[in-house]
Amino acid sequence: MCGIFGYIGKKNNAPEIVLNGLKSLEYRGYDSWGVALKSLSNNNKIIVRKKTGMIGETNLSSFTDSNIALGHTRWATHGGVTDANAHPHLDCTGQFAIIHNGIIENYYELKQQLLAKHHKLISETDTEVAIHLVEENYINLLSKYTEVSEDKLTKLFIEAVRKSFIQFTGLNAIIVMDLKSHSFVAAKNGSPLVIGKGNGENFLASDAHALSPYTNNVFFMGDDQLVLVTDEQIETFSLLDGHKLTPKFERISWGSSFSSSKGNFAYFMLKEIYDQPKILQTISENHKELINDFVHQIKHSRGTYLVGCGTAAYACLAGTYIFSKIAKRHVNFTVGSEFGYLVDFLSNRSLVIALSQSGETIDVIEALKKAKEKGAQIGALTNVIGSTLYRMADLKIPLSAGVEKAVVSTKAFTAKMAYLYLLAYHLAGKSKLGQQMLMKAVSASEEILSENYQILIKKLIQKIYKKEHLYVIGRGLSYPIALETALKIKESSYMHAEGFAAGELKHGVIALIEKGTPCIAFLPNDDSYGANLAGAMEMKARGGYIIGISYKNHEEFDYYLPINDCGITSAIPSVIIGQLIGYYLAISRKTDPDKPRNLAKSVTVK
Ligand code: F6R
């Protein structure tokens, strides 16, 4: 959550650089935004501009020149969405500015101590507590000296941040800007921070891709580290005792053939839906070397566990069916936030495979830390190279779906599905067939993305978009597809939608069906067809408006959306229809599918 960007260097348009960085990160949080800069024209003071809402077309001319600035896009945790609660926050003296990602769990006690020492806090945030604590520690350290050199001031600043940060409980990342030493100090023990090294200029960001216009030479900060960043220096220290560490810089290759701009599409979500056939085709052509180690490890492990959250969790659930059907193998699945409570059975023969678009989802990362403690091997399917998950995994497959900007995940889901199919086919010794089946799904998906098909979906949307509730059923592999379809609808259009295993209908859910309730039934050509159709008929008998998504039409359907039969990979075109229904519902209900209310792209807090 929260986008973070900082710049220090020789250029005087630091605010513009920071704003552009923030815009590329705005999908991480968009309640409010803010920038702090050291004004070159106004007595070298720190000036802060912050506002609720999105950055939009903010007028850059209202920023004064500066060669050091930092900014933040917020996803509120402590305190409502107000201008005052937006970051950056300043200390009492105006010497320091802070931006923060995470939750300082003991902020209340710290706040009481600071108030008792007459600090003036003006927001409801835990972040503001942090900057006053830095101020307090700095003043205490400074008071021990009668004279201090510039170098000493920098050292005191580092020590003040370090002393403050180790007083916080919870998982946090902060960047503090100091007017006097003209530098940043960043510290983290949870949320991601990346330092980018330029030529006479340096950058800080919450996501590496935000640095791509400036440098590919990056250092991913580790937990319990603190970094001093000036225009020429990047120095790393241990947070625990302050001793110096050697930062490990890496050259990142940004090269993805999938553009991260919207092009002619109205929304990123639609653009990313349309990216899918090409991504799947590329995966089908390039996967072999990437999956060999995984196949070997799955074969030799005693128990394979899939872990993910939200959409990624549904991909994991789909994986359990895919591995069972294709590879005749049992894999377990648990959502990330629950996995930590189930790790007691893990051993050093276990394999835990995490699925995560961002590679930063804290519920997944925390679960994996516990699995690591048990000696388990960690596998990762993630879209973000260099992410926390990517770095902590023993085996990794980059999804290579290109930056996914819409908060509502689409292409990362089908990329995960593609790899799960290919892994299962490889395990079954049928890799060629796996590739062919995936390509069948590509052709079926292209059909669904045709112009005529959009007309068909839009007509359906006109019939249902004013409804309050919608239900989706599936069985077998269509069950996770039903769950994922319902999630797309909820997130993008705020229509209440629930996905169910069709067999569960008569155990309670059917009580919700009334005359005209839209009910989507996934009916692929597999062993679930008959029983799933029976479920659709049960809903129809209670007045449900049945939307059949199937390889063949049926008289029970009130509306029919066809799919070319591609056997077990039909789940891919099926879910693309679910994504499109979510998208067009959002358009008709006038919601923003790229930035749904209350959500953020990477969920880095618990
Ligand atoms: C749904 C969605 C979320 C994410 C979930 C996990 O459209 O985007 O449910 O899937 O927060 O995120 P990652 O995959 O980044 O771990």
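This is a predicted model: local features need pLDDT of at least 70, side-chain atom pairs count only at pLDDT 80 or more; totals for chains, interfaces and linings use all residues.
Residues are numbered from 1 along each chain as its sequence is written, and side-chain values use heavy atoms, with hydrogens and water left out.

Begin by selecting the ligand together with the 16 residues around it, of which Ser-356, Gln-357, Ser-358, Thr-361 and Glu-491 come nearest; a residue counts as near if one of its heavy atoms lies within 4 Å. This shell divides into six nonpolar, seven polar and three charged residues, where Ala, Val, Leu, Ile, Met, Phe, Trp, Tyr, Cys and Pro count as nonpolar, Asp, Glu, Lys and Arg as charged, and the others, Gly among them, as polar.

Next, select Lys-488, where an N or O atom of the side chain is 2.8 Å from an oxygen atom of the ligand. Polar backbone atoms take part at two further residues: one of Ser-409 is 2.9 Å from a ligand oxygen, and one of Thr-311 is 3.2 Å from a ligand oxygen. Taken alone the ligand exposes 400 Å², and the protein buries 91% of that (Shrake-Rupley method, 1.4 Å probe).

Now colour helix H7 (311-327) and helix H14 (478-493), the elements that give two or more residues to the shell around the ligand; the largest share, three residues, comes from H14. Helices here are DSSP runs (H or I) of at least four residues, and strands (E) are runs of at least two, numbered from the N terminus.

Because they are three residues apart in helix H4 (residues 150-165), Arg-162 and Glu-159 are separated by about one helical turn. The whole structure holds 16 salt bridges.

Most residues other than glycine have a negative phi, and most peptide bonds are trans. Between strand E4 (68-74) and strand E5 (89-90) lies Pro-88, joined to His-87 by a cis peptide bond with omega of about 0 degrees. In the loop between strand E11 (217-220) and strand E12 (225-229), select Asp-224, which is not a glycine and yet has a positive phi of about 60 degrees.

Conventions:
A polar contact is a pair of N or O atoms within 3.5 Å; within protein, one must be able to donate a hydrogen and the other to accept it, and residues adjacent in sequence count only if both atoms are side-chain atoms. A salt bridge is a side-chain nitrogen of Lys or Arg within 4 Å of a carboxyl oxygen of Asp or Glu.
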